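Please keep the sequence and the coordinates at hand while reading.

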Amino acid sequence: MTGLPSRKDRERADNLIDALFRIQQEACRANNIAACSDMLATLWRHPARDFGAKPDPATAQEAVKLAIQITQAACERGDALACLKRSLMHPKMADPALGLLMAEEDRLSRAEDIQRFQLAAEEVFSEAVNVSDAQCRTGNDHACAYLVELGFAHEDSLIYAHRLAVEPRLSSPVDPMRMISVAVAACDDPAPLGCRALTENIVLRMNSSLREAGQKLPFIGSASCRPYT
């Protein structure tokens, strides 16, 4: 039957995912918070998983443990982005079968994690936004990327809390139009870190948010972005 992936397609998808995962895992071990988060996304949400590629359970558990360890340590050092990313993680997320169909004990444990790390993020969030925005305006590519990542991590954490019926502990987000202007400018420079923050699902999510507000996402031509540089 046409339209279905061949065995060769599935094997290629699996190999590509494994290669991507190894890159992200290495970067996560080097304390790259974005890579830790991306590593978990690769395990469960990468489009090529539709071809049937599934992570080994032991590998998944190790990845979740690593991501939590690195991200929580950064949060405890006062990194607002790490706190927001940590609010999305839970030890039992290594089991993809759980999803949101979890035991009440697990749901309460996740709720505690979300609120705990949202509160930690809230203590330093405004300062982190102001500092990264100011540095971004001076041309600091890392600060621009951090600002955009802050905005989307804030949004993700709020969405996760609502899905689990948890009262969020976050206040005002980053101005979405500021995030877009930063990311678009980074892609035009090009500045790979800021540009990377606009790629993949971020573009789709932001376009949806802006459409609801009656605005359009500026067209991005051929932006070439290198991950974790």
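## Disulfides

The torsion about the S-S bond of Cys75 and Cys83 is about 95 degrees, so this disulfide is right-handed; a disulfide is taken here as a pair of cysteine sulfur atoms within 2.5 Å, and the two sulfurs of Cys75 and Cys83 are 2.1 Å apart. Cys75 counts as buried because its relative accessibility is 7%, and Cys83 is buried as well, with a relative accessible area of 1%, where buried means under 20% relative accessible area, exposed over 50%, and partly exposed in between (1.4 Å probe, protein chains only). The model is a predicted one, in which local features need pLDDT of at least 70 and side-chain atom pairs count only at pLDDT 80 or more, while totals for chains, interfaces and linings use all residues. Residues are numbered from 1 along each chain as its sequence is written, and side-chain values use heavy atoms, with hydrogens and water left out.

By the distance rule given above, the count comes to 3 disulfides. Cys28 is joined to Cys36 with an S to S distance of 2.0 Å, and this link is right-handed, with 95 degrees about the S-S bond; Cys28 has a relative accessible area of 0% and is therefore buried, and for Cys36 the value is 0%, so Cys36 is buried. Cys136 is joined to Cys144 at 2.1 Å, S to S, and the torsion about that S-S bond, about 95 degrees, makes the disulfide right-handed, with both Cys136 and Cys144 buried.

Helices (H or I, at least four residues) are DSSP runs, numbered from the N terminus. Helix 4 covers residues 80–87, and because 8 of its 8 residues are buried, it is largely enclosed by the rest of the structure. The buried residues include Cys83, Leu84, Lys85 and Arg86, and at the start of this helix a side-chain oxygen of Asp79 comes within 3.0 Å of the backbone nitrogen of Leu81.

Helix 6 runs over residues 141–163, and its 23 residues should span 33 Å at 1.5 Å a residue, which agrees with the 33 Å between its end C-alpha atoms; the expected span is 1.5 Å times one less than the number of residues. At the start of helix 6, a side-chain oxygen of Asn140 reaches to within 3.0 Å of the backbone nitrogen of His142, and after the helix comes Ala165, whose phi is positive, near 55 degrees.

## Nonpolar cores

A nonpolar core is a set of buried Ala, Val, Leu, Ile, Met, Phe, Trp, Tyr and Cys residues joined through side-chain atoms within 4.5 Å. The largest one has 40 residues, of which Met39, Leu40, Leu84, Leu150 and Val174 touch the most other members. At least two residues of this core come from each of helix 1, helix 2 (33–44), helix 3 (57–76), helix 4, helix 5 (104–136), helix 6 and helix 7 (176–188), and helix 3 gives the most, with 9 residues.

Leaving out residues up to four places away in sequence, Leu40 touches Ala63, Val64, Ala67, Met89 and Met93, where contact means heavy atoms within 4.5 Å. A second, separate core of 6 residues includes Ile114, Ala161, Leu164 and Val166.

The structure holds 4 salt bridges, each being a side-chain nitrogen of Lys or Arg within 4 Å of a carboxyl oxygen of Asp or Glu. In one of them the side chains of Glu62 and Arg29 meet at 3.4 Å, N to O, and the pair links distant parts of the chain, since Glu62 lies in helix 3 and Arg29 in helix 1, 33 residues apart. Glu62 is partly exposed, at 43% relative accessible area, and Arg29 is also partly exposed, at 45%.

Asp113 and Arg86 form a salt bridge of 3.4 Å, N to O, between helix 5 and helix 4 respectively, 27 residues apart, and both Asp113 and Arg86 are buried. Arg137 pairs with Asp133, the closest N and O atoms being 3.3 Å apart; here Arg137 is exposed, with a relative accessible area of 59%, whereas Asp133 counts as buried at 16%. Asp133, Arg137 and Arg178 are linked in a network of salt bridges.

Key: Polar contact = N/O pair within 3.5 Å; in protein donor to acceptor, adjacent residues only side chain to side chain.
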